[in-house]
Amino acid sequence: MSPSRIPALAPATTSSTLGGGDPVGTAASQHAAPYADAVLRTAGQDWQRLNVPGHAAGTDGSTDLAGLFGDAPLRLDVPPLLEGIDLGADSPLDQALGLAAEAWGARRTWFLTNGASQGNRMAVLAARALGDTLVVQRSVHSSVIDGLVLSGLRAAFVHPSVDLDLGIAHGVTPADLAAALSANPGAAAAYVVTPSYFGAVADVRALAEVAHRAGVPLFVDEAWGAHFGFHPGLPGGALAHGADVVVSSTHKLGGSLTQSAMLHLGEGPYADVLEPQLRRIFHLTQSTSASALLLASLDLARRTLVTGREAIGTSLAAADAMRDAVRAGGRFGVVSDGFGRFADIVAADPLRVAVDTRAGGVSGHEARRRLLNEHRIMVEVATDSAIVAVVGAGAAPDPKRFTEALHALPAPPGTQAAPVRIPLPAPGPVRSTARAAFLARSTAVPAARAVGRVSADTLAAYPPGIPNVLPGEVITQELVDFFRRTAATPGGHVRGAADLAVSTLRVVDEGE
């Protein structure tokens, strides 16, 4: 392929917001994409590639890859440690990182190529320098628990509010976080999740004030809120509300490529201690062969978010139209319409369209399966009671296609208007730290025999990936039944299980 066939990057021309959700003038520098431009310039030259990656940019024996992806992605897949891209003082990569920090209002930002999961593990490992106990929301993503295993930190859990009708966990209240911190003096940090998988937004400003009064930083898993703060119709970002460390899964609604994410360090009293720790841990957890495609997508996603106010407005209008049509249909419910009943929820992410499908006589799993197979519509997640559709910031889906397919879903004859809900199972008692149980001698036993034993694994029903059992917690019959039911549903998966059907579970040897 000739270099001229690699498309140029379109310049950004619209203006939007910079951080926090308040309309301001966009800095001229935010219209640039220095890293992505540098990769494009390099890819457009006539190279003889005698280095890795071994596909040699599609020029030698890589017809299968070129046939699938085309030539351009292979040429853009440049290796790391190149002058003019990521080496040298004020390299294009350094410039891109600086622009991202400016856009999100951070003291420093790291580009991650192993997802927000890498960011969560980094944050928990960094907290180890501040103490030996992490006060953590019980419904965090499983990657936070992975961080507990790696760090050896003891966990003191704060339980979120739960919609027992729909089986959905939300966030934590400032009062509950304050109580947990009071019960754990000398804690390393407080770790919360917002927004939730279903779009519930917690009061980050109040949570940060509570944490800071207790003398600890607030870490926020904002994986689902990378777009926050870039349009006046969106909630403000966690950094703007006082968080100290924020994990951002930029690929989710921010528009970068799958597996790309960012970690942001805020300005605050803990930044001087946390910055060198995060810098060292980043090198420990990031690949030494980070993908230029992923890094470039983060650079472009930042530019698109900052300069894309008009496009984000179109996305907001599409999501509003979906919710309006769901309500007008009179069959299904909009989950966020019930958020006002929960003290921990102060806002809803308007780009999340969560639908109570059970109200319309069909389970979320069945709705998702039929939308996929019969209408070619993909939604993000399904539970027993609901589905969640997401609209990427800047995307413009057809609301009518989704809502017409939704209302066309058949309901089994005789379905009651108010079906029985299946609640989330309660966690079992804690017997040891996550690290001790994970590293202990263990064995896989039939699921029925695992009841009453201590789990050696993190077990999380996917989606959404919130751990139901942690290493060191006792496995209950209720949990076993929940996992078996999840594994049997179309699209259901239990991360960490010893087998796909969850017929066996790994437990700590009783002699340990």
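Guide: pLDDT is the predictor's confidence in each residue, from 0 to 100. This model is predicted, and over residues 11-17 pLDDT stays under 50. The model has 30 contacts for that stretch beyond four places in sequence.

Visitor: Over which other residues does pLDDT stay under 50?

Guide: Residues 415-421 are such a stretch, with eleven contacts beyond four places in sequence. The protein chain averages a pLDDT of 90, and 90% of the residues score at least 70.

Visitor: Why does Arg121 count as buried?

Guide: The cut-off for buried is under 20% relative accessible area. Arg121 has 18% relative accessibility, so Arg121 counts as buried. Arg121 lies in helix H5, residues 115-127. Leaving aside residues up to four places away in sequence, Arg121 touches Asn114, Ser143, Asp146, Gly147 and Leu150.

Visitor: What makes Thr443 partly exposed?

Guide: Partly exposed lies between the limits of under 20% for buried and over 50% for exposed. Thr443 is at 30%, and therefore counts as partly exposed. Thr443 belongs to strand E16, residues 442-446. Beyond four places in sequence, the contacts of Thr443 are Arg453, Leu505, Arg506, Val507 and Asp509.

Visitor: How many residues along the chain lie between Thr443 and Thr504, and what separates their C-alpha atoms?

Guide: Thr443 and Thr504 are 61 residues apart along the chain, and their C-alpha atoms are separated by 9.7 Å.

Visitor: What makes a set of residues a nonpolar core?

Guide: Its members are buried residues of the listed nonpolar kinds, joined through side-chain atoms within 4.5 Å. The largest such core here has 127 residues, and Leu218 and Phe402 have the most contacts inside it. A second, separate core of 16 residues includes Leu459, Leu479, Val480 and Val507. Nonpolar side chains tend to be buried together in soluble globular proteins.

Visitor: Which residues does Leu218 touch?

Guide: Among them, not counting residues up to four places away in sequence, are Leu177, Val192, Leu207, His212 and Asp244.

Visitor: How do you know that E14 and E15 pair?

Guide: Pairing needs at least two bridges between the strands. E14 and strand E15 (residues 386-390) have two bridges, in the antiparallel sense. Val381 stands opposite Val388 in E15. Helix H13, residues 364-375, packs on the sheet and touches E14 and E15; the direction of H13 makes about 45 degrees with that of E15.

Visitor: What is the order of the strands in the open sheet, and why do E11 and E14 stand at the edges?

Guide: The four strands run E11-E13-E15-E14, with antiparallel pairing. Strands E11 (333-334) and E14 (381-382) each have a single partner strand, so one side of each is left without a neighbour in the sheet.

How values were computed: Residues are numbered from 1 along each chain as its sequence is written. This is a predicted model: local features need pLDDT of at least 70, side-chain atom pairs count only at pLDDT 80 or more; totals for chains, interfaces and linings use all residues. Side-chain values use heavy atoms; hydrogens and water are left out. Buried means under 20% relative accessible area, exposed over 50%, partly exposed in between (1.4 Å probe, protein chains only). Contact means heavy atoms within 4.5 Å. Axes are lines fitted to C-alpha atoms, for helices over the stretch in contact, and angles run from 0 to 180 degrees between N-to-C directions.
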